[in-house]
Amino acid sequence: MNALLQKVYDFVDERIDLKTLEAKMMKEPIKGGSRWAYVFGSVLLFIFIMQAVTGVLLMFYYIPSADHAYASTQFIIHEVDYGWFILSYHFWGSSAMVVMVFAHMSQVFLWGAYKTPREMIWLVGLALFGIVMAFGFTGYLLPWDQRAYWATTVGVEIMDKTPVVGDFLARFLKGGPTPGQMTLSRFFVIHVMVLPGALMGLAGLHLFLFRSAGPAGPFRGTPEELKAKTDFFFPRQVWKDIVAMAAVFLTICSLALIEPVVLLEEAKPDPGDYHPEPEWYFLFLFQLLRWKIFAGEFGQFLGATAIPAAFMLLLAALPFIDRSPERNIFKRPIALLSWTVVMIGILVLTVSAIINREFLD
Ligand code: HEM
């Protein structure tokens, strides 16, 4: 058997030079040694692969039609063997991806890893962030229950308020005057074709750029100290990545077991007692829009579009504005303060939206 394996290895090696490939993949030097702080990017790739696997399994049963989407999702939950678990894993996996994308962004921001020569990695990363959020938004509609229907209706109405492109975007996504079959078809195609393709292409580019620039490494230590601690990607960083992936996998499985997906009533054009609400990771924005200054048409545009767009533009411009080579976060007070304010702001707004929901219920 070993001889056969060796023959297969030699056959492939002769054709694609496995040794050079292995040297490139595994022997990449990590300046300053392996760290837990570097696991988030690999964990994101792992979550995405698991989302693709569970998503394909769900597609074997799910029917993307306004007449059958709800019933087919109920069928997955109640009739298909372990269907409830696969659906719940996919549901919690999307939340895990959002949490990890925030963790990864925070790590590269606090480590100053967006600075020269890593501007392009940062910009492609921002596009990946948009894709992760768009996955959440488009996936939410697919079960076609009241929660799905009304969260999407509110989301598309908010989008409609964007000047110039808003009307086109909202009409394109809805595909008609009210959410219906065309909306579901379009969300489905975007969720299972457009976004996965875009994510795979951009993640490939992200990694290519990362490999070209090399890891930024720690923000403290002299070049001599860093050189002395430098390690290869394999085995220490690989093991840290695997342990983090296993921890995330077990957490998602536990959440799927403890809190499996339960649908509300089938979607209908009357919300009844239901108070429309987006997924938890959009709640902070939803809560912000409840503030008096964001009331009215202009206020909604300001809160839902202008401020988030300005914030994203600021993030995109960051590596070009911040030209200082200083990466130590303890010597970058504005960066540390801004990150803390944004994180506390998001946390406080999310918690107050949840408290508000308990009150409304
Ligand atoms: C689906 C989303 C993403 C995936 C799969 C991904 C994946 C990765 C991976 C595997 C690495 C290599 C090492 C590491 O983990 O630090 C990396 C590095 C990096 N990523 Fe991402 N990333 C994503 C999103 C983002 C976002 C949203 C940003 C920021 C806006 C970003 C910015 C960066 C930067 C600047 C580096 C270089 C870090 C360094 O040199 O230390 N990435 N990413």
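Biologist: Is Asp 17 buried, partly exposed or exposed?

Modeller: Asp 17 counts as partly exposed, at 38% relative accessibility. The terms rest on relative accessible area, with buried under 20%, exposed over 50% and partly exposed in between (1.4 Å probe, protein chains only). Please note that this is a predicted model, in which local features need pLDDT of at least 70, side-chain atom pairs count only at pLDDT 80 or more, and totals for chains, interfaces and linings use all residues. Residues are numbered from 1 along each chain as its sequence is written, and side-chain values use heavy atoms, with hydrogens and water left out.

Biologist: Where is Asp 17 found, and what is its phi?

Modeller: Asp 17 sits in the loop between helix 1 (2–16) and helix 2 (18–26). Its phi is positive, about 50°, although Asp 17 is not a glycine. Helices here are DSSP runs (H or I, at least four residues), numbered from the N terminus.

Biologist: Which other residue has a positive phi without being glycine?

Modeller: Trp 144 has one, with phi near 60°. Trp 144 belongs to the loop between helix 6 and helix 7 (146–160), and at 5% relative accessibility it counts as buried. As background, most residues other than glycine have a negative phi, and most peptide bonds are trans.

Biologist: Which peptide bonds are cis, then?

Modeller: The bond from Thr 116 to Pro 117 is cis, with omega near 5°, and the bond from Phe 234 to Pro 235 is cis with omega near 5°. Pro 117 is in the loop between helix 5 and helix 6, whereas Pro 235 is in helix 11.

Biologist: How many residues surround the ligand, and which helix gives the most?

Modeller: There are 23 residues around the ligand, the closest being Tyr 38, His 104, Gly 125, His 206 and Ala 216. A residue is near the molecule if one of its heavy atoms lies within 4 Å of it. Helix 6 gives the most to this shell, with seven residues. Helix 3 (40–59), helix 5 (83–110), helix 6 (119–141) and helix 9 (181–213) each supply at least two.

Biologist: Which polar atoms of the protein lie by the ligand's oxygen atoms?

Modeller: One oxygen atom of the ligand is 3.2 Å from a polar backbone atom of Tyr 38. An oxygen atom of the ligand is also 2.9 Å from a polar backbone atom of Ala 216.

Biologist: Changing topic: how many salt bridges does a search of the whole structure find?

Modeller: The search finds 10. A salt bridge is a side-chain nitrogen of Lys or Arg within 4 Å of a carboxyl oxygen of Asp or Glu. Among them is the pair of Asp 13 and Lys 19, at 2.8 Å from N to O. Asp 13 is buried, at 14% relative accessibility.

Biologist: What about Lys 115, with which residue does it form a salt bridge?

Modeller: Its partner is Asp 322, with the closest N and O atoms 3.3 Å apart. This pair links distant parts of the chain, 207 residues apart: Asp 322 is in the loop between helix 13 (296–321) and helix 14 (333–360), and Lys 115 is in the loop between helix 5 and helix 6. Lys 115 is buried, with a relative accessible area of 5%.

Biologist: And with which residue does Glu 277 pair?

Modeller: Glu 277 forms a salt bridge with Arg 357, the closest N and O atoms being 2.9 Å apart. Glu 277 is buried, with a relative accessible area of 14%, while Arg 357 counts as partly exposed at 27% relative accessibility.

Notes. Polar contact = N/O pair within 3.5 Å; in protein donor to acceptor, adjacent residues only side chain to side chain.
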